[in-house]
Amino acid sequence: MLVDLGYEARPLDFPWLMLPDNHHHNAGDDNEAYHNQDLKCFFSLYTHQIHCLELPEAYEKTVCGSSSGWLILRHETTSAVTLLNPLNRAQIALPQLSSSPFYDQDPLPVLHKAILSSDPCRYPFDYKVLAIFGQKRRLICYKARDRTWTMIQDAGVHYEDILSMGNELLATDEVGRLVSCNLDGDWFWFPPNVEEISDPFFFKGGKVYLVGIEGELVMLIRFVQENSSFGQETYDFEVYRYDSMESIWEPISNLGSWTILLGHNQSTAIEARQFKGLIKPNCIYFTDDSLEEDSLLVGHDSGVFSMEDGKVEPLRCISHDFMYVWPRPVWYMPSFA
């Protein structure tokens, strides 16, 4: 999602970082707040303060996506999926995943990552939820007013990231293969058509992301290594732009004034100069989005990567005093539709 800020940014326009539940103590000395299970805390890059919202709707739910001003939540013990706007507490209940024919056939029937094609407030009858699902990380989709989810069978497996551009879904797998799916039409009669745009071009073991910057498609490869204290840590990124004329990926060494936010959120590019020095340009702000959900060491792999010097700085709003960081921090961009 490319964020166009042609006006002076307001506090709520700045990215928020949804913090783990055990970070309530950072919000102040209020003992009641510390033990309030309905409280969700957000770190604002504008105020550099933690702001807490009472969101009982998010209790016992895991954030598997943040897109168009909404959180996409899956219940931790059922197959329920909900859209939640944390600013006005609006909710949209989506069909249970278990209502879909592919659900019982998967040994790990969970959403790994999900995004919205558009804001449901603006397009209540014409939005889609796009997701990576299950043990083999297949692509699935929900269309507004449908009664169930649809699996995009021809797309293949092992997807890492998804991006919505117009009526198309763009997705990349773990080896950089790029596919496009046209999401128009009646899926009952005509399943989404899948077209392979580019072949795999690397096998480096890194996680892959897609983001749009000024109309161009950009791919990022994130490299992680083992950390004896906190499971894994990111140590490098590679960035490429897609040349559609030559059908090749070209390396990028500098993002200019742009900054990229990565994690369980929809991969997002923002122009740092609009934020008057509060966000570093030519950097990648990333959070932990590993697939390891049962490990006690998840949640710590967050930081700011500089494209200029290749160094990683910690996100200081995330405390490392806790071994178990859950739910994992997620970037959130407010929407005021």
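**Confidence**

- Residues 1-10 have a pLDDT that stays under 50.
- For this segment, residues 1-10, the model has 26 contacts beyond four places in sequence.
- Where pLDDT is low, the predicted coordinates should not be read in detail.

- Asp173 belongs to strand β13, which covers residues 168-173.
- With a relative accessibility of 6%, Asp173 counts as buried, since the cut-off for a buried residue is under 20%.
- Once neighbours within four places in sequence are set aside, Asp173 is in contact with Val157, His158, Tyr159 and Glu160, and also with Val208.

- Strand β20 (residues 258-262) pairs with β21 in the antiparallel sense, over four bridges.
- Within this pairing, Leu261 stands opposite Thr268 of β21.
- Five residues lie between the two strands of the hairpin, where Gly263 takes a positive phi near 150°.
- In a regular strand the side chains alternate between the two faces of the sheet.
- In β21 (residues 268-271), Thr268 and Ile270 point one way, whereas Ala269 and Glu271 point the other way.
- Thr268, Ala269, Ile270 and Glu271 are all buried.

**Aromatic pairs**

- Eleven aromatic pairs are found in a search of the whole structure.
- The ring centres of Phe237 and Phe286 are 5.6 Å apart and the planes stand at 55°, so this pair is classed as tilted.
- Because Phe237 lies in strand β18 (residues 231-243) and Phe286 in strand β22 (residues 283-286), the pair ties together parts that are 49 residues apart in sequence.
- Both Phe237 and Phe286 are buried.
- Phe237 also pairs with Phe305: the ring centres are 5.3 Å apart and the planes are at 55°, so this pair is likewise tilted.
- Phe305 is buried, as is Phe237.
- Elsewhere, ring pairs link Trp16, Phe42 and Tyr332 into a cluster.

- Arg137, although not a glycine, has a positive phi of about 50°.
- Arg137 is located in the loop between β9 (128-133) and β10 (138-143).
- A relative accessibility of 10% places Arg137 among buried residues, because the cut-off is under 20%.
- Arg145 is a residue other than glycine with a positive phi, near 80°.
- The loop between β10 and β11 (150-151) contains Arg145.
- With a relative accessible area of 63%, Arg145 is exposed, since exposed residues have values over 50%.
- Taken as a pair, Arg137 counts as buried, whereas Arg145 is exposed.

How values were computed: Residues are numbered from 1 along each chain as its sequence is written. This is a predicted model: local features need pLDDT of at least 70, side-chain atom pairs count only at pLDDT 80 or more; totals for chains, interfaces and linings use all residues. Side-chain values use heavy atoms; hydrogens and water are left out. pLDDT is the predictor's confidence in each residue, from 0 to 100. Contact means heavy atoms within 4.5 Å. Buried means under 20% relative accessible area, exposed over 50%, partly exposed in between (1.4 Å probe, protein chains only). Two strands pair if DSSP finds at least two bridges between them. Rings of Phe, Tyr and Trp (its six-membered ring) pair if their centres lie within 6.5 Å; planes under 30 degrees apart count as stacked, over 60 as edge-to-face and the rest as tilted.
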